[in-house]
Amino acid sequence: MKTVIKLFFLSFILLNFSCTDDNEPIFVTQPDAEGLTFMNSFASQYLLSNETSANVADRIVWTEPDYGTDTNITYEIEGAIDAEFTTIRLLGTTNNLEFPVLVDDLLDLAGDLGLDDDPNTTDINGLPNNSGVVYLRVKAFLGAAEPTNITYSPVQAISISIIEAVISGECDSLFAVGAALIDHGWNFPGAELVCDNDILEAKVSLTQGHFRFFQIVNDWDSGLGYNYFVDEGFTIDSNLEDADDNDSNFSFVGEDGIYTLRIDNINKEIILTPSNNLFAVGDAVPGGWGFNDDTIELVETSPDVWSASITLNAGIFRFFPFFNDWGTSFNYPYYEDQGFTIDSAFEGQEGSDENFTFVGTPGTYTLTIDAVNQAITLN
């Protein structure tokens with residue numbers, strides 16, 4: 001009788017299995033009992049650079065979830081820029097319990113976060129825009145076409161910092177040539193803009209007309225016109241417009257005068273700054289220690305050359321770049337430290353102000369400050 005009962009139950013079990021869908025697994029998996037957790041230690045910060053993008057940033061290791069079966073488990077390593085994984089970046093897939101996260105993987109996430117290696121960019125708070133936090137997790141599941149029993153590891157925050165690029169500050173001179181440049185016209189070498197820390201600058205006399213920049217002297221094919229700088233994302237001074245001609249020249253539309261022409265490759269700006277005249281103030285010169293109608297104004301007659309007729313008496317004085325503004329002034333050591341040759345009729349005053357002291361014969365002279373040849377002369 002027991003044999004009959006056993007055969008009955010065996011037949012019942014076989015009948016039930018024969019009625020199941022052939023596409024379903026022949027085993028029943030269990031919920032994750034042990035959990036999926038990281039086993040490795042994470043660094044407090046990961047330093048990233050394009051030069052090391054192929055390197056392994058960290059090899060992550062995790063525990064195997066207990067699905068109650070020996071079948072292969074698939075793992076996906078996911079990254080995101082928020083802990084909720086609103087947008088997921090798949091870093092890789094494996095059947096192992098470890099995975100090498102590359103520097104390049106973290107650079108991709110850094111890009112999603114808006115970070116870069118430019119030392120001149122900042123975040124909304126004005127801080128360097130090269131550091132942030134991204135997130136990693138491991139997803140485990142069974143099956144392929146229709147994954148089942150999906151399990152996630154805890155979310156791991158990863159602090160990353162892109163190594164900022166070092167700006168060499170070196171760049172080649174540019175040469176401004178054109179009719180707008182009074183002292184040069186359409187003749188090479190034109191006005192040379194010399195580079196210092198990625199900023200090119202020159203003092204030029206400008207009148208309304210056209211010009212453009214050249215990379216190589218006497219090479220008309222090396223020109224850089226208005227549209228070139230627009231395409232490079234430069235903000236251009238309102239006194240300069242597109243000449244709208246076949247050469248993409250700049251058109252100077254401001255008032256005639258002497259300007260500092262500045263190309264700032266760091267902030268991507270082209271700026272024109274009107275030049276300042278100089279004012280002589282002190283008891284050795286007309287007007288005394290005040291700004292008034294008698295104050296002598298040295299006019300910039302050509303770039304970096306100031307001149308005026310001035311009556312000098314025994315006493316002291318110094319120069320100011322702004323009328324009625326005591327905030328900035330140029331005394332004797334200011335020019336001496338720059339290597340100027342200073343007329344023997346002037347000496348440096350002893351004391352805190354270190355003004356010019358006139359020790360020559362009282363009279364009227366032509367006083368010239370020549371910053372091109374670094375000389376202060378009386379004639």
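**View 1. The hairpin of strands S17 and S18 in this predicted model.** Four residues sit between the two strands of this hairpin, where Lys268 takes a positive phi near 55 degrees. Strand S17 covers residues 257–264 and pairs with S18 in the antiparallel sense, over six bridges. To find your way along the pairing, look for Leu261, which stands opposite Leu272 in S18.

**View 2. Strand S18 and its parallel neighbour, S14.** Here we stay with S18 (residues 269–274) and turn to strand S14 (residues 235–236). These strands run parallel and are joined by two bridges. Thr235 is a handy landmark, with Glu269 as its bridge partner in S18.

**View 3. The disulfide between Cys171 and Cys195.** The count of disulfides comes to one, and this close-up shows it: Cys171 is joined to Cys195, with an S to S distance of 1.9 Å. Cys171 belongs to the loop between strand S8 (156–162) and strand S9 (174–177), while Cys195 is in strand S10 (residues 191–196), so the pair ties together parts that are 24 residues apart in sequence. The torsion about the S-S bond is about 105 degrees, which makes the disulfide right-handed. Cys171 is partly exposed, at 26% relative accessible area, whereas Cys195 counts as buried, at 17%.

**View 4. Ser251 and its contacts.** Ser251 is part of strand S16 (residues 250–252). Is this serine buried or exposed? Ser251 is buried, with a relative accessible area of 13%. Leaving aside residues up to four places away in sequence, Ser251 touches Gly209, His210, Asn239, Leu240, Glu241 and Ala243.

Technical notes. Residues numbered from 1 in each chain as written. Predicted model: local features only at pLDDT ≥ 70, side-chain atom pairs only at ≥ 80, totals over all residues. Heavy atoms only, no water. Disulfide = S-S within 2.5 Å. Buried < 20%, exposed > 50% of the residue type's maximum accessible area, 1.4 Å probe, protein only. Contact = heavy atoms within 4.5 Å. Pairing = 2+ DSSP bridges.
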